[in-house]
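Here is a short tour for anyone who likes to check a model by its contacts and accessibilities. Have the coordinates open and follow along.

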Amino acid sequence: MIPRDQHPVSRQLISNNALKVLYRLNKGGFDAYLVGGGVRDILLGLEPKDFDIVTNATPEQIKGLFRNCRLIGRRFRLAHIVFGRDIIEVATFRGHHDDAGNNQKISKQSEQGMLLRDNIYGSIDEDAERRDFTINALYYSTQNFNIYDFAGGVSDIENRTIRLIGDPETRYREDPVRMLRAIRFATKLDMSISPETEQPIKPLASLLSNIPAARMFEEFLKLFVSGKAVANFDMLRQYDLFEHFFPAVERALCANDDFTLDESELMTQFINQALENTDIRIANEQRVTPAFLFAAILWFPLQKRIASIKAGGNVLPQDAFFQAYHELMSEQQQSVAIPKRFQLPIKDIWILQERFEKRDPKRAYKTLEHPKFRAGYDFLLLRSEFADDSVKELAKWWTEFQDAPSATQNQMLKTTGNRSKPRRKIRRKRRPNNKATSE
């Protein structure tokens with residue numbers, strides 16, 4: 001227990017809505033604590049973004065205290081207290097999985113080696129033991145203003161160490177996503193993973209293949225759209241975890257699937273640049289879309305499949321693209337479930353790359369008016385950093401064309417329009433008028 005005068009956590013650093021929830025739970029006769037990231041970030045000198053609360057009140061008792069409460073979840077019910085757009089999550093203390101009367105922890109194991117357990121309620125001590133990392137097992141009380149540190153989290157914060165509570169292998173088998181969380185916390189908080197927490201990650205990496213693809217999409221957002229995409233990409237590959245997000249990409253990065261070492265190296269640079277650009281935009285509080293990152297990460301495998309399909313027979317370029325697109329995305333969906341709201345922009349970004357080459361007046365203006373022109377153009381700029389002179393010239397032309405006056409645009413189209421291949425006219429045979437001949 002750390003008293004008020006020995007820590008920097010203050011009510012002034014906690015959101016008013018979180019304080020309202022804490023006060024009302026206490027007034028209702030329940031214990032309630034601010035827990036996890038909110039306490040951890042204040043101790044690290046960071047501005048907390050999430051304020052999670054735990055209590056000994058059951059979900060039904062919480063709902064009885066708050067009219068703006070909704071209960072979610074099946075295996076473990078959570079209460080969401082809604083204040084407009086702000087949601088304060090309240091959980092009941094989690095307990096151990098004990099056998100009836102023998103006080104033995106129950107754990108079922110799946111065929112793939114994952115531990116399957118149902119959540120039950122318990123005490124604050126049991127709740128602390130159920131938390132993943134020591135730095136998240138920190139509880140702050142607004143009744144006495146003390147911090148309760150159950151697992152040495154304060155010490156690990158001071159030493160900037162990510163450490164699992166309990167046996168690391170068991171905790172990873174309970175939830176393999178904890179391997180991703182270890183990496184994310186390490187990069188986000190500029191910490192290092194302790195040796196005992198780090199050691200089982202590679203041997204147990206295959207457990208991630210059993211995580212639902214929809215959950216892997218959520219983890220992708222946390223890892224790659226949080227401002228630390230480059231660092232997370234490097235660590236995921238270091239611990240053999242990246243392949244469980246993008247199997248086709250990892251094979252290409254390892255110079256498999258007919259990729260040469262030079263192509264793999266170029267692909268690594270291309271992906272790193274896309275991730276770096278995303279990190280910069282987030283740091284500058286600019287808008288980013290996961291669709292652009294998916295388009296960049298999957299670009300090289302797509303091109304390789306298109307080339308393979310074309311080499312296999314007389315296939316129109318458009319047909320080769322759509323066949324490669326459907327094959328690649330079908331495979332990708334098994335690992336990361338990309339929602340349709342992102343699948344369509346990904347396809348538009350890729351299709352625009354071919355349309356940029358058509359610079360006759362009618363097509364150029366139509367391309368300029370495309371709803372995803374800006375994303376496609378940014379992707380063209382990214383490609384131009386790693387492609388030959390023709391792509392660089394194309395990117396330069398569209399950079400000048402989109403902001404040029406109308407007269408200048410017309411002149412640019414006159415001088416470049418003849419570079420587009422003219423459409424070959426197909427002469428149709430006339431039907432003979434002679435009835436006998438027709439018959």
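A disulfide is counted here when two cysteine sulfur atoms lie within 2.5 Å. The model is predicted, and by that cut-off it has zero disulfides.

**A hairpin**

Strand S3 (residues 69-72) pairs with strand S4 (residues 78-83) in the antiparallel sense, over four bridges. Within this pairing, Ile 72 stands opposite Leu 78. Five residues sit between the strands of the hairpin, and Gly 73 takes a positive phi near 90°.

**The annotated positions**

Which residues does the UniProt annotation "active site" cover? According to that unreviewed entry, they are Asp 50, Asp 52 and Asp 132. Asp 50 belongs to the loop between helix H2 (37-43) and strand S2 (52-55). Leaving out residues up to four places away in sequence, Asp 50 touches Gly 37 and Gly 38.

Asp 132 is found in the loop between H4 and S8. With residues up to four places away in sequence again left out, Asp 132 touches Arg 163, Leu 164, Ile 165, Arg 171, Arg 178 and Arg 181.

Ile 135 is also found in the loop between helix H4 (124-130) and strand S8 (138-140). Not counting residues up to four places away in sequence, its contacts include Gly 36, Arg 40, Gly 153, Asp 156 and Ile 157. Among the others are Leu 189 and Met 191. Ile 135 and Ser 155 are 20 residues apart in sequence, and their C-alpha atoms are 8.7 Å apart in space.

Here are the accessibilities of some residues visited so far.

| Residue | Relative accessible area | Class |
|---|---|---|
| Asp 50 | 55% | exposed |
| Asp 132 | 9% | buried |
| Ile 135 | 0% | buried |

The classes follow from the cut-offs: Asp 50 counts as exposed because 55% is over 50%, and Asp 132 counts as buried because 9% is under 20%.

**Nonpolar cores**

In soluble globular proteins, nonpolar side chains tend to be buried together. The largest nonpolar core in this model has 103 residues, of which Phe 224, Leu 241 and Trp 350 touch the most other members. Leaving aside neighbours within four places in sequence, Leu 241 is in contact with Met 179, Leu 180, Ile 183, Ile 201, Ala 205, Leu 208 and Leu 236. A second, separate core of 15 residues includes Phe 373, Leu 380, Met 412 and Leu 413.

**Helix H19**

How many of the twelve residues of H19 are buried? Nine of them are, so the helix is mostly covered under the 20% cut-off. Among these buried residues are Phe 373, Tyr 377, Leu 380 and Arg 383. The buried residues of H19 pack against helix H13 (261-283), helix H14 (290-297), helix H15 (299-311), helix H17 (340-355), helix H18 (361-368) and helix H20 (389-403).

Terms used. Residues are numbered from 1 along each chain as its sequence is written. This is a predicted model: local features need pLDDT of at least 70, side-chain atom pairs count only at pLDDT 80 or more; totals for chains, interfaces and linings use all residues. Side-chain values use heavy atoms; hydrogens and water are left out. Two strands pair if DSSP finds at least two bridges between them. Helices (H or I, at least four residues) and strands (E, at least two) are DSSP runs, numbered from the N terminus. Buried means under 20% relative accessible area, exposed over 50%, partly exposed in between (1.4 Å probe, protein chains only). Contact means heavy atoms within 4.5 Å. A nonpolar core is a set of buried Ala, Val, Leu, Ile, Met, Phe, Trp, Tyr and Cys residues joined through side-chain atoms within 4.5 Å. UniProt positions are given in the numbering used here, feature names are shortened, and annotations may be inferred rather than shown by experiment.
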